[in-house]
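Please look over the sequence and the model shown below before reading on. The report that follows goes through some features of the fold and of its charged side chains.

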Amino acid sequence: MGTQRIPGSETARLRHGGGALPLRTGRLILRAPTAADAPAVTALAGTWAIARFTASIPHPLSQQDVQDWIRLAEVRHAEGTGVVLLIGARPADTVMGAMDLRWGGTWPSAEVGYWIGSPFQGRGHASEALAAVIGLAFGPLALEEVFASATPDNAASLRVLAKAGLRPDGRTLVVPAPARGTTWRHDRRALTRAAWTAQTQDTHP
Ligand SMILES: CC(C)(COP(=O)(O)OP(=O)(O)OC[C@H]1O[C@@H](n2cnc3c(N)ncnc32)[C@H](O)[C@@H]1OP(=O)(O)O)[C@@H](O)C(=O)NCCC(=O)NCCS
């Protein structure tokens, strides 16, 4: 999948999540974070159990780090270079995790990342959120590919990606991991629009 500069004709479509936010699924609401979410995000994402599998969550994690992340989300939404979403439980909107899609340097491909706080894991939340975000990517955002990688010992994440249809594509993804002080090289896993369309038709003939 080639990487191109985002054409001006696409920029309006890509801003603010394609105008499709918040996303709602059966159990979840996925919405842009606000400053008021910082305490909940800091508490949930501030554990090593979450940070160790991620490239960019600092550990320890301060409320200032989270406020910076929320401001970065606002910039990405306004520029049309990504979406950053909090995953909340409906109807109360209890914050459970986060998922983001970035395409600033990779358009029309987008890299997905996510975490679910430990108290909320093991109940299909990441899988449900990823299905919705993939629908956003190939629907309103009209992207061509969603890709990701995970450390080889992250069995839960590899399973989430596999269930969503992201398959190893034979390439290696070099991931700067500034919060871990290293660079990761992992198998790249990807889902193209064509494969998603085919699997969606298989599921709903
Ligand atoms: C990865 C993560 C987001 C998964 O969240 P979740 O809401 O628990 O995920 P789901 O419940 O949707 O799916 C998890 C799947 O992994 C499976 N799984 C969990 N732990 C596993 C393990 N140790 N070995 C094998 N499979 C495992 C679950 O059984 C489930 O699969 P199933 O639906 O076929 O039963 C969560 O564990 C997390 O935040 N981890 C830390 C951060 C992280 O890894 N982020 C991703 C970086 S690539």
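## Salt bridges in the model

A salt bridge is counted here when a side-chain nitrogen of Lys or Arg lies within 4 Å of a carboxyl oxygen of Asp or Glu. With that rule, a search of the whole structure, which is a predicted model, finds 11 salt bridges.

One of these joins Arg-71 to Asp-68, and the closest N and O atoms of the pair are 3.0 Å apart. Both residues belong to helix H4, which covers residues 63–79, and they are three residues apart, or about one turn of the helix. Arg-71 is partly exposed, with a relative accessible area of 43%, and Asp-68 also counts as partly exposed, at 38% relative accessibility.

## The sheet and its edges

How many strands form the open sheet, and in what order do they stand? There are eight strands, arranged in the order S1-S2-S3-S4-S5-S6-S8-S7, and their pairing is mixed. Strand S1 (23–24) and strand S7 stand at the edges, where each has a single partner strand, so one side of each is left without a neighbour in the sheet.

Within this sheet, strand S3 (residues 82–89) pairs with strand S4 (residues 94–102) in the antiparallel sense, over eight bridges. As an example of these pairings, Val-84 has Asp-100 in S4 as its bridge partner.

## A helix packed on the sheet

Helix H2, made of residues 38–45, packs on the sheet and touches S3, S4 and strand S5 (109–116), while its direction makes an angle of about 85° with that of S4. Several residues of H2 are buried, namely Ala-38, Val-41, Thr-42, Leu-44 and Ala-45. What covers these buried residues of H2 includes the strands S3, S4 and S5, and also helix H3 (48–51) and helix H4.

## Charged pairs on the strands

Asp-100, the residue that pairs with Val-84, also forms a salt bridge with Arg-102, in which the closest N and O atoms are 2.3 Å apart. Asp-100 is buried, with a relative accessible area of 13%, whereas Arg-102 counts as partly exposed at 24% relative accessibility. Asp-100 and Arg-102 are also linked with Arg-76 and Glu-111 in a network of salt bridges.

Another salt bridge is formed by Arg-188 and Asp-169, whose closest N and O atoms are 2.6 Å apart. This pair links distant parts of the chain, with Arg-188 in strand S8 and Asp-169 in strand S7, 19 residues apart. Arg-188 is buried, with a relative accessible area of 4%, while Asp-169 is partly exposed, with a relative accessible area of 31%.

## A buried arginine without a salt bridge

Arg-180 lies in the loop that runs between strand S7 (167–177) and strand S8 (182–192). Which side chain of opposite charge is nearest to Arg-180, and how far away is it? The nearest one belongs to Asp-65, at 9.3 Å. Since a salt bridge requires the charged atoms to be within 4 Å, Arg-180 has no salt bridge, although Arg-180 is buried.

What, then, surrounds this side chain? A polar atom of the side chain of Arg-180 lies 2.7 Å from the backbone oxygen of Ala-51. When neighbours within four places in sequence are left aside, Arg-180 is in contact with Trp-48, Ala-51, Arg-52, Thr-54, Ala-55, Ile-57, Pro-58 and His-59.

## Two further buried residues

His-125 lies in helix H5, which covers residues 125–138, and at 6% relative accessibility His-125 counts as buried. Leaving aside neighbours within four places in sequence, the residues in contact with His-125 are Arg-27, Leu-28, Met-96, Ile-116 and Phe-120. His-125 and Trp-107 are 18 residues apart in sequence, and in space they are 27 Å apart from C-alpha to C-alpha.

Trp-107 is instead touched by Glu-10, which also touches Leu-141, not counting residues up to four places away in sequence. Glu-10 lies in helix H1 (residues 8–14) and counts as buried, at 13% relative accessibility. The C-alpha atoms of Glu-10 and Asn-154 are separated by 35 Å, and the two residues are 144 residues apart along the chain.

Technical notes. Residues numbered from 1 in each chain as written. Predicted model: local features only at pLDDT ≥ 70, side-chain atom pairs only at ≥ 80, totals over all residues. Heavy atoms only, no water. Helix = DSSP H or I, 4+ residues; strand = E, 2+ residues; numbered from the N terminus. Buried < 20%, exposed > 50% of the residue type's maximum accessible area, 1.4 Å probe, protein only. Lys, Arg positive; Asp, Glu negative; His and termini not counted. Polar contact = N/O pair within 3.5 Å; in protein donor to acceptor, adjacent residues only side chain to side chain. Contact = heavy atoms within 4.5 Å. Pairing = 2+ DSSP bridges. Axes fitted to C-alpha atoms, helices over the stretch in contact; angles between N-to-C directions.
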